[in-house]
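Hi,

Here is the model I promised to pass on. Have a look at it first, and my notes follow below.

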Amino acid sequence: MAELRVGIVGMGIGRDNALAIARNPRGRVTALCDLNEARLPGVAAELPSQPKLFADYKKMCADPEVDAVFVGTPNQLHVPVALEAVRQGKHVMVTKPLSDALAPARRLVAAQEEAGVVGMMSLSTRFDNGAQYLGRRRAEGFFGSIYWAKAISVRRSGIPDWNLGFIEAGGGAMRDMGVHVLDCAWWIMGCPPPVSVSGVAAANFGPRGQGYWDFRQPPERFWSKYDSDDFGGGFVRFADGQGLQLESHWASHMPTTFNLELFGTEAGATMSPLRLYRTVDGAPQDLSVNLPPGPNAWDNIAAHFIACCLDGIPCEAPLRHGMVVQEMLEALLKSAQTGREVRVKGE
Ligand SMILES: NC(=O)c1ccc[n+]([C@@H]2O[C@H](COP(=O)([O-])OP(=O)(O)OC[C@H]3O[C@@H](n4cnc5c(N)ncnc54)[C@H](O)[C@@H]3O)[C@@H](O)[C@H]2O)c1
């Protein structure tokens with residue numbers, strides 16, 4: 001049986017993706033790469049076969065035993081690493097967000113499509129079984145037309161404190177967590193083309209040394225480098241008149257929430273909890289959906305990536321989707337700076 005040999009860059013979220021690829025009967029992790037080499041042996045020990053270990057992603061991308069590359073570095077390095085993989089003719093999967101800005105995202109998508117290799121986003125919210133269920137119900141027409149969505153990620157004290165990339169320019173709450181709920185809501189809506197975005201954003205906690213992960217107190221030498229948002233909120237207008245309200249808070253004085261609310265002409269839904277709402281015979285009908293136990297999001301992602309690369313099936317989460325989502329995120333942040341609505345191309 002053909003197998004996909006994958007090299008993994010970045011041993012944070014790279015570990016979850018690597019283990020899922022290794023669990024798949026047609027996936028094998030043949031290489032691991034991290035600038036911090038101390039992180040490599042621990043992940044290698046969890047894999048069924050010994051991978052080659054690299055500190056230099058260019059060398060790993062050139063390795064003939066690597067067919068595909070997973071990119072799990074901080075946001076600012078997603079595009080440089082993915083571009084190197086594409087230049088070497090390798091398939092590539094990139095964690096969210098696609099990039100730290102729109103222009104590099106566009107460069108990568110152009111290069112990947114030109115090279116004719118598979119380019120996929122690793123999106124743990126979109127590939128969660130609940131989100132997949134809502135996407136299927138939308139495709140069947142259950143909701144009618146989804147004309148309004150709310151995409152909400154609220155943390156009480158959740159600013160990541162384990163690498164500077166999260167809080168430096170190109171990081172921030174909107175690109176880190178806003179991306180999850182925005183991507184998922186937009187995908188369930190059927191990926192309508194966005195036309196404009198309006199928003200506000202701020203850094204209310206991080207630059208004061210507050211709101212960090214699990215109420216931890218990182219040293220000032222860490223948080224004095226703060227150069228991104230820790231809150232963003234706004235509104236996306238789509239070509240056919242649909243709207244989406246988006247919020248991402250890394251820290252707040254509010255309960256932690258991670259939810260989508262979908263308003264359709266025939267039915268509505270929430271993701272957390274997974275519930276459907278409609279009217280039957282003039283009476284409200286509310287349905288709790290209890291999905292049977294199934295593979296987790298990482299296994300769904302790995303299975304789809306492997307099938308795209310080995311079987312040539314169409315990619316349901318192409319890098320191009322990541323680019324459109326990036327355009328909406330960047331437009332929201334630009335709108336926050338300029339105080340004006342920002343027009344977007346959506347392609
Ligand atoms: N649910 C998800 O999909 C999810 C969850 C967490 C993080 N992420 C994404 O993953 C990315 C990394 O976040 P993390 O929490 O894993 O961070 P992390 O700090 O735990 O891991 C990043 C790793 O990349 C390595 N790295 C940095 N530059 C490198 C280079 N040039 N070559 C090789 N390795 C390099 C670092 O040494 C570090 O070990 C972020 O973009 C984040 O948005 C996605």
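Before the helices and sheets, a word on terms: helices (H or I, at least four residues) and strands (E, at least two) are DSSP runs, numbered from the N terminus. This is a predicted model, so bear in mind that local features need pLDDT of at least 70, that side-chain atom pairs count only at pLDDT 80 or more, and that totals for chains, interfaces and linings use all residues. Residues are numbered from 1 along each chain as its sequence is written.

On confidence, pLDDT is the predictor's confidence in each residue, from 0 to 100. The chain averages 98, with 100% of its residues at 70 or more. Among the elements, helix α8 (residues 220-223) has the lowest mean, 96, and strand β4 (residues 68-71) has the highest, 99.

Eleven residues from domain 1 and twelve residues from domain 2 make the contact between them, where two residues are in contact if their C-beta atoms, placed from the backbone, lie within 7 Å. On the domain 1 side that touches domain 2, six residues are nonpolar, three polar and two charged. For those classes, Ala, Val, Leu, Ile, Met, Phe, Trp, Tyr, Cys and Pro count as nonpolar, Asp, Glu, Lys and Arg as charged, and the others, Gly among them, as polar.

Two strands pair if DSSP finds at least two bridges between them.

The nine-stranded sheet

The other sheet to look at is also open, with nine strands in the order β14-β13-β12-β11-β7-β10-β9-β8-β15 and mixed pairing. Its edges are β14 (283-288) and β15 (342-343); each has a single partner strand, so one side of each is left without a neighbour in the sheet.

Which way do β7 and β11 pair, parallel or antiparallel? They are antiparallel, over eight bridges, and A149 is partnered by L262 in β11. Strand β7 (residues 146-154) also runs parallel to strand β10 (residues 243-249), with seven bridges joining the two. In β10, S248 stands opposite S153, and H249 is the bridge partner of V154. Helix α7 (residues 173-188) lies across β7, β8 (194-202), β9 (231-238), β10 and β11 (257-264), at about 150° to β10.

The ligand

The ligand has 23 residues around it, the closest being G10, G12, I13, S124 and N163; a residue is near a molecule or strand if its C-beta atom, placed from the backbone, lies within 6 Å of it. This shell holds nine nonpolar, ten polar and four charged residues. Domain 1 and domain 2 each supply at least three residues to the shell.

Most residues other than glycine have a negative phi, and most peptide bonds are trans. Against that background, K96 and P97 are joined by a cis peptide bond with omega about -15°, and P97 is in the loop between β5 and α5 (102-115). The bond from S272 to P273 is cis too, with omega near 0°; P273 is in the loop between β12 (268-270) and β13 (275-280). Finally, C191 has a positive phi, near 55°, and is placed in the loop between α7 and β8.

Cheers

Notes
Axes fitted to C-alpha atoms, helices over the stretch in contact; angles between N-to-C directions. Domains from an automatic or database assignment.
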